[in-house]
Amino acid sequence: MNETITILQQNLGTALWDTGKMVFISGFIVVIFGTLIGLFLYYYSNPLFAPRPVLNSICGFVINAIRSLPFLILMVVLIPFAKLVAGDPYTPLGGAVSLSVAAIPFFARLAEGAFAEIDAGVVEAARSTGAGFILIFQEVLFPEALPALIRGVVLTLISLLGYSAMVGTIGAGGIGDLAIQYGYNRYNTGVLVSVIVILIIIVQIVQWCGDRLADHYTR
Amino acid sequence: MSQIELKHIDVTFKQKKRTVTAVKDVSLSVEKGEIFGIVGLSGAGKSTLVRTINYLQAPTNGQVVVDGTDLSHANAKTIAAARRKIGFIFQNFNLINNRTLAQNLAFALTAGGYPEKQQPKRITELLELVGLADRQDNYPGQLSGGQKQRVGIARALANDPDILLCDEATSALDVETAEEIIGILKEINRRLHITIVFITHQLEVARSLFDRVAVMENGRLVEQSSTYDLFAAPQSDMGQRLVNRFLDTDLPDKVKAQVTKQTGQLLTLRYRGSDSLTPIITKIAKQTGIDINIIQGRVEFIQDKAIGVLVVFLTGSAVAVSQAVQIFHQRVDYVTEVSAHE
């Protein structure tokens, strides 16, 4: 019991901080690029804009290819790339690189779905005013898709939290790494249970905040 | 030159391996300031046709000329500019749900290049026009269907359009609200001299709103006339079907059977003007020696002109009855012989 408390006191803060860094850095990158790619997919598949079936299928193929790889394998394959971008792949920043690559296609699909769900009539009405695409995006697509995008962000953040544990075990640190090193490898059940409880609380909080925010933007 | 000219418009859609023709060789012109209607059943191609006017739907063949600009050979910029002068009102309103009424209108104004500083004033003006001045900061979800359509109208009018296209603009509304919207559109047409093209399957709308009307069936334009002429004497099959159903001269089967127990001929007569048909009926009865019973009769007003609708039953000798039917055909605008077992 005392040992558990000592381990947690010494390591929990750093672990949480590392996990937070990984999740938020990758989350930020994923939302920006994922939204853009999702919008790109929507724009080139929607008959109201500029359907380009070939371009769309190529893009779709690349996305599906990345998503086909189990994260464990993708992570290993991406170690050289993480090294190139972040310098040291075995840091939270290095971990965030492979997390981003894995999650961008995932979020892009969610974003595409969020845009595609918008009532085609509303988009048609927007086009009938003579508005250009950027204005339509700002004033129609974005506000109408925002609740669905927020729910997608929540889903993505929770997945990133889960995958960050895997990145942690190859050296990027974080709360998952703490659980494996002390809880599993050193048979300290107390640490394992504590980490599980903390993860459950974090996921609940993220989901609750996301739902509230999504509701706030739904009129 | 007419304000809107459609010349030999075809629209086809490729669906998998099938090609679906939505509009076939439609030519029509709409004059400045008139209210032009297109009626037809759903699936007749009306919605597709009206969307070619602002090029939301590019025609497969044919030419669209609006205010002298040939949109068929125009670039995206010219089409966007044309759209700013063509308002569009939809059946399902199509407002941006997560934006306030003011923001919905601001979007249309920005799209039309309206200076941002003057937008608030213009928004108030537009909402006043449709009687919703106090609802600026409401979201569409807080409005009733009729109120949403008023916002739709305000949005369509935002950039002082020359033309207003209405796609079943009253079809999602109850009768009373629909009449309200029709009233607003009439007022707009009268005061602002905006040309209106309105498509609908509701003949009530045609009766109370249109100056001229075209009938569509299976992608083709089968008839075009003044609204009054369409109701008084429809020429095409589809026109007759629509008008007959609207004027509802079909008798219930039970009544039909009872009346026609005797041998004779059931006739539906439609005639222009509010004058009574009685002199003609009396004269024909005298001339041919048959009996004429009036089963049903009423007067409809279309564009402030009357159309009489009368269902009569002729009895007498077969020769005399057929002679009388012939005379009716000569003297009355529109005659249909109703058989008992239709």
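Which residue in β5(B) stands opposite V65(B)? The residue is D70(B), and the sheet to which this pair belongs is described below.

## Basis of the model

This is a predicted model, in which local features need pLDDT of at least 70 and side-chain atom pairs count only at pLDDT 80 or more, while totals for chains, interfaces and linings use all residues. Residues are numbered from 1 along each chain as its sequence is written, and chains are lettered from A and ligands numbered from 1 in the order in which they are written.

## Chain B: overall form

Chain B contains 12 helices and 14 strands; helices (H or I, at least four residues) and strands (E, at least two) are DSSP runs numbered from the N terminus. The C-alpha trace of chain B spans about 80 × 45 × 40 Å along its principal axes. Of the 342 residues in chain B, 41% are buried. A residue is buried if 20 or more other C-beta atoms lie within 10 Å of its own, exposed if 12 or fewer, and partly exposed in between, with C-beta atoms placed from the backbone.

Among the contacts in chain B with a separation of 6 or more, 69% join residues 24 or more positions apart. Two residues are in contact if their C-beta atoms, placed from the backbone, lie within 7 Å.

Two strands pair if DSSP finds at least two bridges between them.

Strand β1 (residues 4–15) of chain B is joined to strand β4 (residues 61–66) of chain B by 5 antiparallel bridges, and L6(B) stands opposite V64(B) in β4(B). β4(B) also pairs in the antiparallel sense with strand β5 (residues 69–70) of chain B, over 2 bridges. The hairpin of β4(B) and β5(B) has 2 residues between the strands, and D67(B) takes a positive phi near 50° there.

## Two domains in chain B

Chain B is divided into domain 1 (4–232) and domain 2 (248–338); such bounds come from an automatic or database domain assignment. The C-alpha centres of domain 1 of chain B and domain 2 of chain B are 40 Å apart. Their contact takes 5 residues from domain 1 of chain B and 9 residues from domain 2 of chain B.

On the domain 1 side of this contact in chain B, helix α8 (residues 227–232) gives the largest share, 4 residues. By class, that side has 3 nonpolar, 1 polar and 1 charged residues. Ala, Val, Leu, Ile, Met, Phe, Trp, Tyr, Cys and Pro count as nonpolar, Asp, Glu, Lys and Arg as charged, and the others, Gly among them, as polar.

## Nonpolar cores

A nonpolar core is a set of buried Ala, Val, Leu, Ile, Met, Phe, Trp, Tyr and Cys residues joined through C-beta atoms within 7 Å. The largest one holds 140 residues, of which L105(B), A154(B), L165(B), V197(B) and F198(B) touch the most other members. Helix α7 (residues 133–172) of chain A supplies the largest share of this core, 16 residues. Domain 1 (4–232) and domain 2 (248–338) of chain B both give residues to this core, so it lies between them.

Leaving aside residues up to four places away in sequence, V197(B) touches I4(B), V30(B), F36(B), V50(B), I53(B), I163(B) and L165(B). Another core, of 7 residues, lies apart from the largest one and includes I175(A), L178(A), A179(A) and V191(A).

Residues 22–42 of chain A are 100% helix, with end C-alpha atoms 29 Å apart, and residues 90–108 of chain A are 89% helix, with end C-alpha atoms 27 Å apart.

I136(A) lies in helix α7 of chain A and counts as buried because it has 20 C-beta neighbours inside 10 Å. Between the chains, 21 residues of chain B are in contact with 19 residues of chain A. Helices α2 (76–84) and α3 (101–111) of chain B are the elements that give two or more residues to the chain B side.
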